[in-house]
Amino acid sequence: QVQLVESGGGMVHTGGALRLSCAASGRTFSDYTMGWFREAPGKEREFVACITSDGGSTYAFSVRGRFTISRSNENTVYLQMNGLKPEDTAVYYCAADLVNIAIPGARPEYWGQGTQVTVSS
């Protein structure tokens, strides 16, 4: 059974930092692009960042320069979030797919259960 399990969410003040982790299991993700989406209350789920199997990364414009995605092995991905703002408050979901998940309308094959990030002003 494939599972993506996120951790590292929490509550911080504006300007703070958090590091999210996603551990995937149940299959090998060496050929998969892994990444992060987020969903704020009353808003649609949106792309945040992704990293391909060969290490190439893509970021949403709203997080560029503040967030960094990395991959320690084929099944673990991280999201370092610095300079957090109240508008970053959302449930963050880990996702994985063999195809590009950064394109509009992408529907990744695998999803985690989400982790809450709350940034207070």
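**Salt bridges**

Begin with the charged side chains of this predicted model: the count comes to 4 salt bridges, a salt bridge being a side-chain nitrogen of Lys or Arg within 4 Å of a carboxyl oxygen of Asp or Glu. Residues are numbered from 1 along each chain as its sequence is written, side-chain values use heavy atoms, with hydrogens and water left out, and because the model is predicted, local features need pLDDT of at least 70 and side-chain atom pairs count only at pLDDT 80 or more, while totals for chains, interfaces and linings use all residues.

Select Arg38, Glu46, Arg66 and Asp88 together; a network of salt bridges links these residues. Start from arginine 38, whose side chain meets that of glutamate 46 with an N to O distance of 2.6 Å. Glutamate 46 is partly exposed, with a relative accessible area of 36%, whereas arginine 38 counts as buried at 6%. In these terms, buried means under 20% relative accessible area, exposed over 50%, and partly exposed in between, with a 1.4 Å probe and protein chains only.

Next, move to aspartate 88, which forms a salt bridge with arginine 38 at 2.9 Å, N to O. This pair links distant parts of the chain, 50 residues apart: aspartate 88 is in the loop between β8 (76-81) and β9, and arginine 38 is in strand β4 (residues 33-39). Strands here are DSSP runs of E with at least two residues, and helices are runs of H or I with at least four, numbered from the N terminus.

Arginine 66 lies in the loop between β6 (57-59) and β7 (67-73), and aspartate 88 in the loop between β8 and β9, so the pair ties together parts that are 22 residues apart in sequence. Aspartate 88 counts as buried at 1% relative accessibility, and arginine 66 counts as buried at 14%.

**Glutamate 6**

Now select glutamate 6, in strand β1 (residues 3-7). This residue is buried yet has no salt bridge, and the nearest side chain of opposite charge, arginine 45, is 7.7 Å away. For charge, Lys and Arg count as positive and Asp and Glu as negative; His and the chain ends are not counted.

Leaving aside neighbours within four places in sequence, glutamate 6 is in contact (heavy atoms within 4.5 Å) with residues including Cys22, Trp36, Cys94 and Gln113.

**Cysteines**

From there, select cysteine 22 and cysteine 94, which a disulfide joins with an S to S distance of 2.1 Å. The pair links distant parts of the chain, 72 residues apart, with cysteine 22 in strand β3 (residues 18-25) and cysteine 94 in strand β9 (residues 90-97). With a disulfide taken as a pair of cysteine sulfur atoms within 2.5 Å, the count comes to 1. The link of cysteine 22 and cysteine 94 is left-handed, with -80 degrees about the S-S bond, and both cysteines are buried.

Cysteine 50 is buried, with a relative accessible area of 2%.

**Leucine 20**

Select leucine 20, also found in strand β3. Leucine 20 is buried, with a relative accessible area of 0%. Not counting residues up to four places away in sequence, leucine 20 touches residues among them Trp36, Val77, Leu79, Met81, Tyr92 and Val117. Leucine 20 and arginine 107 are 21 Å apart in space, C-alpha to C-alpha, and 87 residues apart in sequence.

**The whole chain**

The C-alpha atoms fill a box of roughly 40 × 25 × 25 Å, taken along the principal axes. Of the 121 residues, 45% count as buried. Residues 24 or more positions apart account for 58% of the contacts with a separation of 6 or more.
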